[in-house]
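Please look over the structure below before reading on. The text that follows takes its features in turn.

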Amino acid sequence: MIKKNNESIFKHFLFLPRSLQALCYVLFLVVLSYALIQGGTRDDPTKYTTHGDRLRALCEVISIIFIIFYVFIEIYQMQQ
């Protein structure tokens, strides 16, 4: 049951229009770039005190979710 649900999620993403997949990838790059640039300009990037730092933390979490999702997509494509 769970396997069928996971397959349907990946199939829906794989059959999205290429422009939508490209948009998701560009969004991933923007989020990752913001997190890296914001963290690189701080004296202590381990502290999340300002609003910009909190946004950076959110962007880091979103980028990790994107990475996990893309790894699952690649694994699913290798199985095909």
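How many salt bridges does the structure hold? This is a predicted model, and the structure holds 4 salt bridges.

One of them pairs Lys-47 with Asp-44, where the closest N and O atoms are 3.9 Å apart. That distance counts because the cut-off for a salt bridge is 4 Å. Asp-44 is partly exposed, with a relative accessible area of 34%.

Arg-56 takes part in a salt bridge with Asp-53, with 3.6 Å between the closest N and O atoms. Both residues lie in helix 3, 3 residues apart, which is about one turn of the helix. Arg-56 also forms a salt bridge with Glu-60, and here the closest N and O atoms are 3.3 Å apart. Arg-56 and Glu-60 are 4 residues apart in helix 3, so about one helical turn separates them. Salt bridges that share partners join Arg-42, Asp-53, Arg-56 and Glu-60 into one network. The spacing follows a general rule: an α-helix has 3.6 residues a turn, so residues three or four places apart point the same way.

Arg-56 is buried, with a relative accessible area of 1%. Asp-53, at 3% relative accessibility, counts as buried because the limit is under 20%. Glu-60 has 25% relative accessibility and counts as partly exposed.

Helix 3 covers residues 51-79, and Phe-72 lies in it. Is Phe-72 buried or partly exposed? Phe-72 is partly exposed, its relative accessible area being 44%. A nonpolar surface patch of about 660 Å² is made by Phe-72 together with Ile-64, Ile-67, Ile-68, Val-71, Ile-75 and Met-78.

Helix 2 is the next element to consider. Helix 2 spans residues 18-40 and has 23 residues. From its first C-alpha to its last, helix 2 reaches 32 Å, close to the 33 Å expected at 1.5 Å a residue. The buried residues in helix 2 are Gln-21, Phe-28, Val-31, Ala-35, Gln-38 and Gly-39.

Cys-24 counts as partly exposed, at 21% relative accessibility, whereas Cys-59 counts as buried, at 9%.

Note on methods:
Residues numbered from 1 in each chain as written. Predicted model: local features only at pLDDT ≥ 70, side-chain atom pairs only at ≥ 80, totals over all residues. Heavy atoms only, no water. Patch = residues over 30% accessible without salt bridge, like charges linked within 9 Å, V, L, I, M, F, W, Y side chains within 5 Å. Areas by Shrake-Rupley, 256 points an atom, 1.4 Å probe, with all protein chains shown as cover. Salt bridge = Lys/Arg side-chain N within 4 Å of Asp/Glu carboxyl O. Helix = DSSP H or I, 4+ residues; strand = E, 2+ residues; numbered from the N terminus. Buried < 20%, exposed > 50% of the residue type's maximum accessible area, 1.4 Å probe, protein only. Expected span 1.5 Å × (residues − 1).
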